Amino acid sequence: DTIQAVVANHLLEKLEKITQCRINNARTLDQKLEGLDDIKIPPRSTNIHEVFHLYCFQAERRDELSDYLKNNGIDAKKHYPIPMHLQKASKYLGYKEGDFPIAEKLARKTISLPVHEFVNFKQIEKMSNLIWDFYDV
């Protein structure tokens, strides 16, 4: 509709800045979390221009980490906690737990953090410091 078109036009003018900010925020988190054994950051390809809607990674004790971050003011989320084959909409396919162990592992361990253009360096430092503190490293 017209209102959405106005918003889109406004955002298009800022698209390059928004995109670069999200990429920089994710790269900064990659660097700050590097070497932490209890988390696994997905491999990044140098030949792909990756723009981040969310910063996702796998974490040991994901649920506890998520609660800890939330209790400290971080908008941590558990995106897609139920793998597709175990969702109600897929029930008719007859899959059961254990049929897709990798998808199930990812659903149990994946956590996401915000990296949008309004997240600043100080907030990224806080997120990474809290994660290191949680794992007591």
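Buried means under 20% relative accessible area. Arginine 62 has 7% and is therefore buried. The legends below describe a predicted model.

**Close-up 1. Arginine 62 and aspartate 63 form a salt bridge.** The closest N and O atoms of this pair are 2.7 Å apart. Aspartate 63 counts as partly exposed, with a relative accessibility of 38%. Side chains of opposite charge can pair when their charged atoms come close.

**Close-up 2. Arginine 61 sits in a loop with a positive phi.** The loop runs between strand E2 (55-59) and helix H2 (62-71). Phi at arginine 61 is about 55 degrees, although the residue is not a glycine. Most residues other than glycine have a negative phi. The relative accessible area of arginine 61 is 43%, so the residue is partly exposed.

**Close-up 3. Tyrosine 80 also has a positive phi.** The value is about 55 degrees, and tyrosine 80 is not a glycine. Tyrosine 80 lies in the loop between H2 and helix H3 (101-109). Its relative accessibility is 66%, so tyrosine 80 counts as exposed.

**Close-up 4. Three strands make an open sheet.** The strand order is E1-E2-E3, and the pairing is antiparallel. Strand E1 (39-40) and E3 are the edge strands, each pairing on one side only. Strands of a sheet pair through backbone hydrogen bonds, either parallel or antiparallel. Helix H1 (residues 2-33) lies across E1, E2 and E3. Helix H1 runs at about 25 degrees to E2.

**Close-up 5. E2 and E3 pair over 4 bridges.** The two strands run in the antiparallel sense. Tyrosine 55 stands opposite leucine 113 in E3. Phenylalanine 57 faces another E3 residue, standing opposite isoleucine 111.

**Close-up 6. Strand E3 (residues 110-113) is covered on both faces.** Thr110 and Ser112 are buried on one side. Ile111 and Leu113 are buried on the other. In a regular strand the side chains alternate between the two faces of the sheet.

**Close-up 7. Lysine 32 and glutamate 125 meet in a salt bridge.** The N to O distance is 3.7 Å. This pair links distant parts of the chain, 93 residues apart. Lysine 32 belongs to helix H1, while glutamate 125 belongs to helix H4 (residues 121-134). Lysine 32 is partly exposed, with a relative accessible area of 27%. Glutamate 125 counts as partly exposed too, at 32% relative accessibility.

**Close-up 8. Lysine 96 pairs with aspartate 99 in a salt bridge.** Their side chains meet at 3.2 Å, N to O. Lysine 96 is exposed, with a relative accessible area of 53%. Aspartate 99 is partly exposed, at 30%. A search of the whole structure finds 10 salt bridges.

Definitions and conventions. Residues numbered from 1 in each chain as written. Predicted model: local features only at pLDDT ≥ 70, side-chain atom pairs only at ≥ 80, totals over all residues. Heavy atoms only, no water. Buried < 20%, exposed > 50% of the residue type's maximum accessible area, 1.4 Å probe, protein only. Pairing = 2+ DSSP bridges. Contact = heavy atoms within 4.5 Å. Axes fitted to C-alpha atoms, helices over the stretch in contact; angles between N-to-C directions. Salt bridge = Lys/Arg side-chain N within 4 Å of Asp/Glu carboxyl O.
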